[in-house]
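Thanks for sending this one over.

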Amino acid sequence: MFAAPMTPLDRIRNFAIIAHIDHGKSTLADRLIQACGGLSDREMKEQVLDSMEIERERGITIKAQTVRLNYKAKDGETYVLNLMDTPGHVDFAYEVSRSLAACEGSLLVVDASQGVEAQTLANVYQAIEANHEIVPVLNKIDLPAAEPERVKQQIEDVIGLDASTAIEISAKTGLNIEGVLEALVQRLPPPSGDSEAPLKALLVDSWYDQYLGVVILVRVKDGVLRVGQKIRLMSTGATHTIERVGVFTPKGVAVDELGPGEVGFITAGIKTVADCKVGDTITEERRPAAEPLPGFKPVQPVVFCGLFPVDAADYERLRDSLAKLRLNDASFEYEPETSAALGFGFRCGFLGLLHLEIIQERLEREFDLDLITTAPSVVYHVYKTDGTMVAIHNPVDMPDPVKIDRIEEPWISATIFVPDEYLGGILALCEERRGIQRDLTYAGNRAMVVYRLPLNEVVFDFYDRLKSISRGYASFDYHLDGYQEGDLVLMNILVNSEPVDALAIIVHRSKAEQRGRALCERLKDLIPRQLFQIAIQAAIGGRIIARETVKALRKDVLAKCYGGDVTRKRKLLEKQKEGKKRMRQFGKVEIPQSAFLAALKMGNQ
Amino acid sequence: MSFALYIHWPFCRSKCPYCDFNSHVRDSIDETGWRKALLAELDHFASETAGRELATVFFGGGTPSLMSPATVASILDRAAARWRLADDVEVTLEANPTSVEAEKFAGFHAAGVNRVSLGVQALDDVALRALGRRHDTAEAVRAVELARSRFRRWSFDLIYARPGQTVSDWARELDRALPLAGDHLSLYQLTIEPGTAFATAQARGELRLPDEDTAASLYELTQERLAAAGMPAYEVSNHARPGGECRHNLVYWRHQDYVGIGPGAHGRLTENGQTVATRQFRAPETWLDAVERQGHGTEERIALSSRETAEERLMMGLRLAEGVAREAVREAVDESRVRDLVEAGFLADDADRLRATAAGRQRLNAVIGTLLRSD
């Protein structure tokens with residue numbers, strides 16, 4: 001432990017890195033850490049910052065992280081450079097905005113052969129909104145395919161930034177890392193703040209550490225944070241006493257205090273991250289700030305789905321695993337849900353589809369659970385004839401249609417970058433998904449289209465279609481863009497006239513028949529023939545819009561069963577009995593739960 | 001309660017590609033040694049079931065017609081000495097319809113065999129080759145005719161729903177078969193059993209069985225033709241003129257007692273009101289060693305729970321047209337499902353018997369699945 005004195009404001013530079021996946025953000029971060037001696041070569045492992053396995057595999061940062069670098073600049077002074085690594089995905093747009101609010105500038109990293117992508121653009125706009133000084137960096141300049149001049153032009157055309165002073169580097173080889181560090185010092189403004197003013201620190205992110213409890217990442221705006229201080233979280237009014245103050249180098253190092261402009265962490269005996277809301281303002285209990293920092297909003301899940309264990313015996317384990325994940329990620333919600341078709345599970349809310357996938361994957365991988373997810377649903381605002389509004393994210397909660405005045409659904413504004421040759425297919429996809437074109441521009445041989453789209457059309461296999469149409473070359477980003485009335489209906493799937501709760505969906509009337517038919521056909525193939533004919537129907541209210549029939553079994557009998565076969569065949573009965581326990585009865589027929597599971601699995605593919 | 005003896009002869013000249021029975025091909029067989037061992041095991045079981053009367057004896061395999069009539073005779077003589085043989089005892093021997101084996105029919109008859117069951121399998125030379133059989137149609141027909149001249153009762157097996165077989169193909173084959181039939185016919189739908197050559201071929205996509213609808217049509221045709229010929233099904237795959245039923249096999253389906261000797265043979269014996277299931281070592285040499293060492297080759301002897309016994313009775317009894325006593329299967333059956341099945345015409349509405357209708361027998365796996373109590 002060592003005591004670092006508060007750093008003077010003009011020696012601090014706080015910056016974020018904005019980049020598309022694979023454009024080299026993490027590699028650049030590694031080089032910067034190395035160049036400033038943050039870690040020895042021995043400690044250096046590739047992509048230090050993305051510490052979760054899934055983060056590393058997917059190249060996505062989920063939690064914000066910081067690294068404090070000490071850089072001796074050419075002017076002879078030593079500067080503290082705080083690198084803020086932000087979540088890089090649209091699902092975490094709010095978290096990104098808070099990370100950006102903790103910095104004064106950004107490095108805009110663009111692959112010199114690939115050019116600007118949709119994700120880059122969305123984040124750059126956020127950085128511009130946060131009044132950042134933006135330094136364009138062209139990475140992978142060493143590659144033969146690099147076209148720095150074209151990409152600079154594109155940055156100017158598409159983003160409207162002056163790219164003439166863009167820094168050309170290769171993070172992989174370490175080329176011109178010095179240039180990046182010098183630009184940070186020279187081009188980024190130092191932070192401002194008043195160490196004498198009442199404490200105001202931005203809660204950037206938090207996570208659960210099994211030894212330390214909740215660790216909060218902070219950026220001090222005014223005042224000073226020190227051990228023993230009694231703080232208050234302004235959104236909830238909760239008070240805590242600071243136990244530790246420190247910075248990441250990227251190793252955690254204790255310091256005495258953090259002053260204005262500084263970035264670091266505190267611990268304060270807080271038990272769950274749910275109590276630490278991203279964007280909240282931390283102030284001092286004894287001398288609170290009059291106003292919190294601007295921009296705080298509570299996180300609201302956008303996409304919901306049911307999560308059910310394939311094996312009912314895993315229910316308890318799923319519950320415990322969700323609780324463990326939630327310790328570290330307060331942005332997803334869950335509550336118990338019981339389905340007649342799937343048994344016991346949970347209804348979960350997520351920030352977006354990627355967030356859903358990440359949680360599902362972590363449950364399956366880290367907790368070794370085999371899960372089934374029901375079709376993702378957005379949050380509908382259902383206005384009832386009595387003048388009240390209910391937010392519905394589970395089709396089974398849909399009020400009686402006669403009590404509904406109108407239903408509003410969330411829309412998004414989507415930005416898609418795509419090479420020319422796939423543009424036609426992408427436009428067709430957007431139109432098919434009820435999209436309304438807002439903009440179409442070209443930058444070189446790439447088109448940028450902006451569409452308004454209903455979110456419920458996007459949660460249903462939109463990414464997969466986008467990827468396959470563009471052979472993986474399209475990039476996509478969106479932000480929520482308000483609610484709008486839609487002709488939405490509840491579609492039920494009926495098996496022998498009884499609804500299968502897990503397969504109900506809320507869908508636009510124009511899409512109901514198509515979706516209904518697809519589901520009926522799928523189930524028809526999955527449900528084995530039985531003694532009785534099985535009718536599979538899709539229905540809106542009492543109206544049948546699609547129907548399939550599983551014909552009754554005509555022959556199913558063992559040809560031979562003699563004295564030597566009895567034991568073996570009885571053992572088969574044991575299996576049949578086990579299987580019966582997983583059957584769901586619909587009238588006279590029993591449908592294996594596995595058929596519904598398979599129908600949902602296929603739906604997710 | 002009838003009491004039966006089954007003797008398993010585990011050897012064949014060659015292994016048929018559809019067969020998953022306990023059959024083995026050996027270059028040479030020490031028949032004297034095998035006879036001694038079978039007799040020893042017979043003695044062993046006889047000492048446990050002393051005083052009972054054998055209603056039926058069945059030589060199965062493998063290919064028991066490869067045994068010498070002398071071996072068959074010594075086993076039957078020993079059985080008669082250890083138990084009592086019923087006056088009308090039914091003694092069946094399975095035989096391949098080749099000329100070599102048919103020549104031994106007189107000897108088997110003299111030994112005490114009074115019924116033969118011939119593995120004809122097809123009356124179509126192409127099909128016989130595909131089924132890996134060593135005889136052709138003409139030879140099989142001669143063997144049936146010889147059996148008819150030697151035995152009062154004879155039966156033969158046919159396999160249908162073979163790859164590529166159509167309903168009219170099968171109708172023609174049945175037309176040829178019926179005039180050859182005695183009091184009994186076994187007509188089996190080809191079933192691909194795991195671990196057989198056919199299973200491998202099927203996995204490779206080289207063997208395609210008729211689909212369910214064709215298989216159903218073939219089965220329905222079989223029922224119609226045989227009923228019209230006065231040989232209705234008394235069991236899923238077995239047809240007889242009245243009184244011509246195989247009494248030995250009825251012992252299995254009625255879940256009565258039987259002793260099984262020889263490699264892989266199974267038995268069911270009632271002891272103190274409980275059913276005991278016996279199983280002999282399956283591998284011929286392992287069984288032989290065990291018998292030589294300890295006088296029997298029993299690998300497993302398990303007392304079944306009353307629930308398991310009821311399940312076996314349900315599974316076997318519903319195969320029979322006569323069904324099964326309700327009381328005997330009460331523990332295995334979910335009574336709440338009976339009504340649906342009766343209404344749908346898969347079960348008959350008898351007060352004291354549970355009986356599958358013809359339509360129910362055709363879908364017996366699903367009927368049993370529905371009836372089975374799972375709690």
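1. Let me start with where the two chains meet, bearing in mind that this is a predicted model. On the chain B side, 48 residues are in contact with chain A, and chain A answers with 30 residues of its own. Putting the two together buries about 3,800 Å². Carbon and sulfur atoms give 53% of that area.

2. Next, the polar side of this interface. Nine salt bridges are counted between chain B and chain A. One to look up on your screen joins the side chains of A:Arg570 and B:Glu312, with 2.8 Å from N to O. Counting polar contacts between chain B and chain A gives 30 residue pairs, with both residues at pLDDT 80 or more.

3. Which parts of chain B supply at least two residues each to the side that touches chain A? The list has two strands, strand 6 (184-189) and strand 10 (266-271). It also has helix 9 (212-228), helix 10 (247-253), helix 12 (306-317), helix 14 (338-343), helix 15 (358-362) and helix 16 (364-371). Helix 16 of chain B gives the largest share, eight residues. Sorted by class, the side of chain B that touches chain A has 21 nonpolar, twelve polar and 15 charged residues.

4. Now turn to chain A, where six strands form an open sheet with mixed pairing, in the order 2-3-1-4-5-6. Strand 2 (65-72) and strand 6 (167-168) of chain A are the edges, each pairing on one side only.

5. Within that sheet, have a look at strand 4 (residues 105-111) and strand 5 (residues 133-139) of chain A, which run parallel and share seven bridges. A:Asp111 sits opposite A:Asn139 of strand 5. Helix 4 (residues 118-129) of chain A packs on the sheet and touches strand 1 (12-19), strand 4 and strand 5. The direction of helix 4 makes about 150° with that of strand 1 of chain A.

6. Side chains of opposite charge can pair when their charged atoms come close.

Note on methods
Residues are numbered from 1 along each chain as its sequence is written. Chains are lettered from A and ligands numbered from 1 in the order in which they are written. This is a predicted model: local features need pLDDT of at least 70, side-chain atom pairs count only at pLDDT 80 or more; totals for chains, interfaces and linings use all residues. Side-chain values use heavy atoms; hydrogens and water are left out. Contact means heavy atoms within 4.5 Å. Buried area is the accessible area (1.4 Å probe) that two parts lose on being put together, summed over both. A salt bridge is a side-chain nitrogen of Lys or Arg within 4 Å of a carboxyl oxygen of Asp or Glu. A polar contact is a pair of N or O atoms within 3.5 Å; within protein, one must be able to donate a hydrogen and the other to accept it, and residues adjacent in sequence count only if both atoms are side-chain atoms. Helices (H or I, at least four residues) and strands (E, at least two) are DSSP runs, numbered from the N terminus. Ala, Val, Leu, Ile, Met, Phe, Trp, Tyr, Cys and Pro count as nonpolar, Asp, Glu, Lys and Arg as charged, and the others, Gly among them, as polar. Two strands pair if DSSP finds at least two bridges between them. Axes are lines fitted to C-alpha atoms, for helices over the stretch in contact, and angles run from 0 to 180 degrees between N-to-C directions.
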